[in-house]
Amino acid sequence: AELAPVLEQNKSFTLVNVHIPYAGELPKTDLFIPFNEIGANLEKLPDKDTSIVIYCRSGNMSTQAAAELAAAGYTQIYELDGGTVAWQSAGYTLLDK
């Protein structure tokens with residue numbers, strides 16, 4: 001519920017889908033990086049002090065990705081609590097490629 005209005009404005013963060021396999025996406029998703037490959041794709045992410053919001057289906061994969069990003073020195077990591085399941089439960093829809 002907090003993320004939806006921010007996506008409609010000029011968002012100031014990078015939105016990353018880390019769920020595998022692909023199961024839809026939030027509007028304005030910037031990157032798709034599998035949670036288990038996040039460490040090998042740091043060059044695709046913004047600077048370590050830039051806000052990054054990551055999400056997956058339920059929160060498990062994003063939690064693992066967030067831990068890896070934190071270990072790599074990223075300081076502004078946020079997760080979509082409950083993932084896309086919570087997003088849809090709140091009445092929002094997912095996009096499909």
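Asn 17 counts as buried in this predicted model, because its relative accessibility is 4%, under the 20% limit used for that label. The residue belongs to strand β1, which covers residues 14–17. Its side chain reaches the backbone oxygen of Gly 24 at 3.1 Å. Leaving out residues up to four places away in sequence, Asn 17 touches Tyr 22, Gly 24, Glu 25, Thr 29, Leu 31, Phe 32, Ile 33 and Tyr 55. One of these, Phe 32, stands opposite Asn 17 in β2.

That pairing leads to the sheet. Strands of a sheet pair through backbone hydrogen bonds, in either a parallel or an antiparallel sense. Here four strands form an open sheet with parallel pairing, in the order β2-β1-β3-β4. The edges are β2, residues 31–32, and β4, residues 77–79, each of which pairs on one side only. Going through the sheet from β2, two bridges join this strand to β1, and the two run parallel. Between β1 and β3 there are four bridges, again in the parallel sense; Thr 14 has Ile 52 as its bridge partner in β3. Three bridges then join β3 to β4, also parallel, and here Ile 52 has Ile 77 as its partner in β4.

What covers β3, then, has to be considered for each face. Both faces of this strand are covered: Ile 52 and Ile 54 on one side are buried, and so are Val 53 and Tyr 55 on the other. Helix α2, residues 60–71, lies across β3 (52–55) and β4, and runs at about 175° to β4.

Aromatic rings give another view of the packing. A pair of such rings is described by the distance of the centres and the angle of the planes. Two aromatic pairs are found in a search of the whole structure. In one of them, the rings of Tyr 22 and Phe 32 have centres 6.1 Å apart and planes at 65°, so the pair is edge-to-face. This pair links distant parts of the chain, 10 residues apart: Tyr 22 is in the loop between β1 and β2, and Phe 32 is in strand β2. Tyr 22 counts as partly exposed because its relative accessibility is 32%. Phe 32 is partly exposed as well, with a relative accessible area of 34%. Both residues are also on the contact list of Asn 17.

The other pair consists of Trp 87 and Tyr 92, and is tilted, with 4.7 Å from centre to centre and 35° between the planes. How does the accessibility of its two members compare with the limits? Trp 87 counts as buried because its relative accessibility is 5%, whereas Tyr 92, at 30%, counts as partly exposed.

Trp 87 lies in helix α3, which covers residues 83–89. Its side chain reaches the backbone oxygen of Thr 93 at 3.0 Å. Leaving aside neighbours within four places in sequence, Trp 87 is in contact with Leu 3, Ala 4, Leu 7, Leu 26, Pro 27, Leu 80, Tyr 92, Thr 93 and Leu 94. By contrast, the C-alpha atoms of Trp 87 and Lys 48, 39 residues apart along the chain, are separated by 26 Å.

Technical notes. Residues are numbered from 1 along each chain as its sequence is written. This is a predicted model: local features need pLDDT of at least 70, side-chain atom pairs count only at pLDDT 80 or more; totals for chains, interfaces and linings use all residues. Side-chain values use heavy atoms; hydrogens and water are left out. Buried means under 20% relative accessible area, exposed over 50%, partly exposed in between (1.4 Å probe, protein chains only). A polar contact is a pair of N or O atoms within 3.5 Å; within protein, one must be able to donate a hydrogen and the other to accept it, and residues adjacent in sequence count only if both atoms are side-chain atoms. Contact means heavy atoms within 4.5 Å. Two strands pair if DSSP finds at least two bridges between them. Axes are lines fitted to C-alpha atoms, for helices over the stretch in contact, and angles run from 0 to 180 degrees between N-to-C directions. Rings of Phe, Tyr and Trp (its six-membered ring) pair if their centres lie within 6.5 Å; planes under 30 degrees apart count as stacked, over 60 as edge-to-face and the rest as tilted.
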